[in-house]
Amino acid sequence: MDLICSFLERPGVESDNSSRCTDVLVSTLERTKNVKQLQQQRQQQQRKPLSVAFNADGELIVHSIVPEGIQVATGAYGRCTVATKAFEAGSVVYQGYAALIDTSTKNDRFYLYLYEHAGEKQVEEGSRTRVRDSSSPIQVFRLDGLNSVKDLWEPNKSIRQVYGFDGFMNHSCNANVYCPLVYRSKNEMCYDTIALRDINAGDELTCDYACFDYECDGHVISQCGCKAINCRGEMKGFKGLSLAEKIRIMPMCDSEIVHLFFRENPDMILLESTIPYPNIRLIVAPEEAYIVAARPFAPGDLIFSNQATIISLTNFLQQTFVLKLVEENDSENPTPVKKIYYILLDKDRHFIHRPSYVESVGFDSFMDHSCNPNSQQHYENATTYSVYARRTICPGDKITCDYLKLDNEAEKQQNVAKICFLCSCGEENCRAQIYA
């Protein structure tokens with residue numbers, strides 16, 4: 001399963017009003033009256049990856065250092081970002097920054113100065129080699145408000161996320177990077193840009209605009225040119241996607257996008273559950289999800305304990321449920337790798353039905369059935385239960401239970417059958433047809 005993602009609005013693809021960001025390249029000499037003053041300004045800023053200031057005309061001046069391994073180039077849809085070296089799937093391509101700017105009283109046009117990633121760089125000039133000081137910009141662009149994104153953390157304010165060199169990253173419905181947030185302060189946000197798959201030198205870097213842009217305020221892409229197999233045909237932001245597509249890309253979305261979606265859809269309920277690693281792991285395949293043992297268990301060993309959420313029958317009928325699953329892959333690592341899944345729950349298959357209420361059991365919703373299961377559960381009260389090994393379980397083995405034995409004996413609550421299926425457990429005592 002691919003990894004996860006977030007990011008900004010970036011120019012480079014035609015919009016419906018043909019107002020593609022006019023990233024007019026302006027020579028440094030034309031736009032900078034005093035090059036030395038610009039160099040001094042850069043030195044005073046101690047070479048921060050991204051720094052901003054307003055000039056006397058209210059125009060924003062953005063200074064951005066292009067990191068090693070990345071280049072701003074020209075592609076089929078204008079400016080773009082390109083890898084100049086290979087990056088493995090899961091690796092950090094670069095750490096990026098965006099300035100949080102109040103544009104309510106400012107000019108929406110700004111100037112972007114791009115700099116080399118290192119202090120000095122050797123440049124070949126015919127038969128001679130000279131050293132270029134990277135305190136001088138290598139490119140200067142005049143841009144407009146389309147090169148930024150409305151900030152949703154405080155939607156009532158006129159705050160925009162203004163990006164540097166990676167403001168030129170183009171959209172793809174099958175992006176090759178995602179950008180989870182590292183930290184956020186009053187004036188800036190920092191994010192890691194992580195490869196979703198292997199990236200080769202020369203490949204264009206792309207992100208999914210729907211992961212960070214909720215409505216595409218003023219810059220809808222009416223005809224997407226990404227040419228991906230899963231291309232949606234257009235880009236109207238996260239809000240314009242189908243429910244299935246929203247759920248699919250939620251792990252890659254900015255958290256404020258997800259929060260706004262659930263605020264605007266009060267009948268869409270988000271349930272959360274943490275997978276108890278290192279005991280078990282969740283395997284997500286294209287057509288199914290199931291639980292496997294992450295370590296060996298002897299008969300009688302506790303596999304996990306869990307807390308069910310009780311839902312009234314009235315609410316259950318009226319609401320739609322999405323489950324957020326979090327799995328930490330290494331609990332001993334000081335910075336464990338987290339996997340996040342969002343799954344639209346099936347009301348018949350993913351809940352335990354009681355006569356007067358319904359139980360949501362989180363990650364345990366994906367335990368497979370067996371007529372000769374290797375686990376059994378024990379309820380302590382209406383919501384708390386533990387699952388124990390019935391026989392030896394090896395790492396990688398599926399954890400299974402008997403769907404016909406899910407009664408809560410502590411509360412004398414029976415399991416109400418809601419589904420019927422042909423069992424394929426392969427056990428000698430297989431019942432063939434299961435009503436559970």
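The model is predicted: local features need pLDDT of at least 70, side-chain atom pairs count only at pLDDT 80 or more, and totals for chains, interfaces and linings use all residues. Residues are numbered from 1 along each chain as its sequence is written, and side-chain values use heavy atoms, without hydrogens and water.

**Sheet and helix**

- Three strands form an open sheet in the order S18-S23-S24, with mixed pairing. Strands are DSSP runs of E, at least two residues; helices are runs of H or I, at least four residues; both are numbered from the N terminus. Two strands pair if DSSP finds at least two bridges between them.
- The edges are S18 (268–275) and S24 (338–344); each has a single partner strand, so one side of each is left without a neighbour in the sheet.
- From one strand to the next, the twist averages 20°.
- S18 pairs with S23 (residues 320–328) in the parallel sense, over eight bridges. Leu270 has Val322 in S23 as its bridge partner.
- Helix H4 (residues 255–264) lies across S18, S23 and S24 and runs at about 135° to S18. Contact means heavy atoms within 4.5 Å. Axes are lines fitted to C-alpha atoms, for helices over the stretch in contact; angles run from 0 to 180 degrees between N-to-C directions.

**Aromatic pairs**

- The structure holds 13 aromatic pairs. Rings of Phe, Tyr and Trp (its six-membered ring) pair if their centres lie within 6.5 Å; planes under 30 degrees apart count as stacked, over 60 as edge-to-face and the rest as tilted.
- Phe316 and Phe321 are stacked, at 5.8 Å centre to centre with 25° between the planes. Both Phe316 and Phe321 are buried (under 20% relative accessible area; exposed is over 50%, partly exposed in between; 1.4 Å probe, protein chains only).
- Tyr379 and Tyr385 form a tilted pair, at 5.1 Å centre to centre with 35° between the planes. Tyr379 counts as buried at 6% relative accessibility, and Tyr385 is buried at 2%.
- One aromatic cluster is formed by Tyr214, Phe238, Phe261 and Phe262.

**Charges over rings**

- The charged end of Lys347 sits over the Phe316 ring, 5.2 Å from its centre. Here NZ of Lys or CZ of Arg must be within 6 Å of the ring centre and within 35 degrees of the ring normal.
- Lys398 places its charged end over the Tyr290 ring, 4.4 Å from the centre.

**Loop residue Glu59**

- Glu59 is in the loop between S2 (50–54) and S3 (60–65). Glu59 is buried, with a relative accessible area of 13%.
- Glu59 and Arg109 are 50 residues apart in sequence but 6.0 Å apart in space, C-alpha to C-alpha.
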